[in-house]
Amino acid sequence: MKISSLKARQILDSRGNPTLEVDCTLENGIFARAGVPSGASIGSKEACELRDNDKEHFFGKGVKKAVYNVNSIIAPKIIGMNVLEQRKIDEFLISLDGTENKSNLGANAILGVSLAVCKAASICVGLPLFNYIGGVGANLLPVPFMNIVNGGVHANWQGADFQEYMIAPFGAKSFEESYEWGSEIYHSLKSVLKEKHYNVSVGDEGGFVPLVSSNEEPLDLISIAVKNAGLSVGKDVGFALDPASSEFYKNGKYILKTQKLELDSISMINYYEKLADNYPIVLLEDGLSEFDWDNWKILNKRLGKKIEIVGDDIFVTNLSIVKKGILDNIANAVLIKLNQIGTLSETIDVVNFARQHNWSCFVSHRSGETTDSFIADFVVGLGLGHIKTGAPARGERVAKYNQLLRIEELLGNSAVFAGKSIVKNNV
Ligand code: 2PG
Ligand code: MG
């Protein structure tokens with residue numbers, strides 16, 4: 001089935017910044033649309049998000065060039081191609097761009113096309129998107145890692161230094177129950193914060209932003225919320241952190257503003273070790289900076305048997321960097337963000353390689369999102385067992401979780417909830 005048109009337009013993302021969406025139409029009239037997300041704590045080696053830098057519009061953040069690249073450069077060459085040939089189309093886009101980091105056409109332009117093509121193909125063959133991506137074996141529903149306290153750059157540095165405090169309700173029987181528990185804990189946390197006279201406004205990913213005085217305080221507040229929701233900390237619900245530490249790493253030191261501390265890498269690792277001893281932390285993402293490679297080896301050695309050590313900014317979903325990370329044994333998992341690399345096929349290559357080496361893959365949204373729920377189908381399609389897509393609140397966040405509910409409903413008795421199977425032994 002041939003592609004008959006591709007059309008991009010500029011829309012706004014959840015932070016009110018421009019991004020693009022791409023419509024793909026087939027000769028038989030089938031139509032699909034994909035939205036492109038955008039990060040705030042960005043790895044230095046991420047593929048290029050093309051912005052206009054025209055200060056007259058959106059303070060330079062417009063993406064009209066990327067829109068032009070889809071409509072006037074990519075579309076004329078892709079029209080007529082077979083929508084089922086995803087890899088061929090992705091490879092064509094990579095070669096049409098011709099740069100290492102997709103700075104010519106823009107990874108945002110390229111990803112929009114790649115995902116719109118995949119969605120149109122799934123409709124064309126009459127399969128749900130997760131089935132098209134993953135085939136008959138796709139039945140594993142992920143544990144939702146819900147980010148209920150926001151800090152760092154996602155909270156304009158108002159609250160904790162750590163960017164994300166996530167709950168993983170892995171003790172539930174199903175995704176649906178896990179989501180319900182997450183929602184109850186979220187609302188219970190709101191009450192705990194109100195009682196303690198903290199504000200209950202939220203950050204970029206829908207989590208609360210209490211003005212805490214240490215980076216472990218949110219874990220205490222969340223522990224109370226879990227208990228108040230009638231659940232057990234550790235048995236029913238584990239915790240996960242994404243400090244996004246590249247953001248507070250300056251001149252070889254980790255600057256913890258809330259605690260008035262400047263820690264070297266080993267002291268930072270000691271701090272994480274203490275947290276992992278005191279709380280049921282099952283996953284630590286970007287515990288160290290992307291510029292602190294050698295100390296990641298120590299972090300992984302010290303904590304990698306107990307908890308999942310995930311690299312985000314340091315790997316940027318880039319196969320050659322992940323390969324090096326596996327050789328150097330610096331982590332045991334990779335964060336998966338499609339827009340860090342820019343095509344579906346390259347993302348799948350990273351997933352396959354990681355799994356061949358017994359690494360886990362943790363699927364992620366971006367802090368700037370659209371209501372597109374592609375990653376929900378993606379995580380089930382590839383059976384990756386866990387996903388983070390923000391709080392169980394705000395439209396662009398629940399769009400993904402709600403899609404997972406629909407997928408679980410569709411699978412019925414065939415659905416398997418990943419539960420505790422995806423965590424190591426810190427609980
Ligand atoms: C992260 C993400 C998503 P951003 O650091 O993992 O939560 O944030 O999209 O800002 O990079
Ligand atoms: Mg991260």
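Visitor: Let's start with Arg366. Which residues is it in contact with, leaving aside neighbours within four places in sequence?

Guide: Arg366 is in contact with Pro37, Ser38, Gly39, Ser41, Ile42, Glu46, Glu205, Lys337, Asn339, Gln340 and Arg397. Contact means heavy atoms within 4.5 Å. This is a predicted model, where local features need pLDDT of at least 70, side-chain atom pairs count only at pLDDT 80 or more, and totals for chains, interfaces and linings use all residues. Residues are numbered from 1 along each chain as its sequence is written, chains are lettered from A and ligands numbered from 1 in the order written, and side-chain values use heavy atoms, with hydrogens and water left out.

Visitor: Where does Arg366 lie? And is it buried or exposed?

Guide: Arg366 is in the loop between strand 14 (360-364) and helix 12 (374-381). Helices (H or I, at least four residues) and strands (E, at least two) are DSSP runs, numbered from the N terminus. Arg366 counts as buried, at 2% relative accessibility. Buried is under 20% relative accessible area, exposed over 50%, partly exposed in between (1.4 Å probe, protein chains only).

Visitor: Now the metal. What coordinates the magnesium ion (ligand 2)?

Guide: Asp242 (OD), Glu285 (OE) and Asp312 (OD), at 2.0 to 2.2 Å. Along the chain, the donors follow D-x42-E-x26-D. Asp242 sits in strand 7 (residues 238-242) and Asp312 in the loop between strand 12 (308-311) and helix 9 (319-328), so the pair ties together parts 70 residues apart in sequence. Donors are N, O and S atoms within 2.8 Å of the metal (3.2 Å for Na, K and Ca); water is not among the atoms, so sites may look incomplete.

Visitor: Are Asp242 and Asp312 buried or exposed?

Guide: Both Asp242 and Asp312 are buried.

Visitor: Switching to Leu189. Where is its place, and what does it touch?

Guide: Leu189 is in helix 5 (residues 175-195). Not counting residues up to four places away in sequence, Leu189 touches Ile148, Val149, Phe208, Leu221, Ile222 and Ala225. Leu189 is buried, with 0% relative accessible area.

Visitor: How many residues apart in sequence are Leu189 and Ile148?

Guide: Leu189 and Ile148 are 41 residues apart in sequence. In space, they are 8.3 Å apart, C-alpha to C-alpha.

Visitor: Last one. Which residues make the contact of helix 2 with helix 3?

Guide: From helix 2, Gln86, Ile89, Asp90, Leu93 and Asp97; from helix 3, Ile110, Val113, Ser114, Val117 and Cys118.
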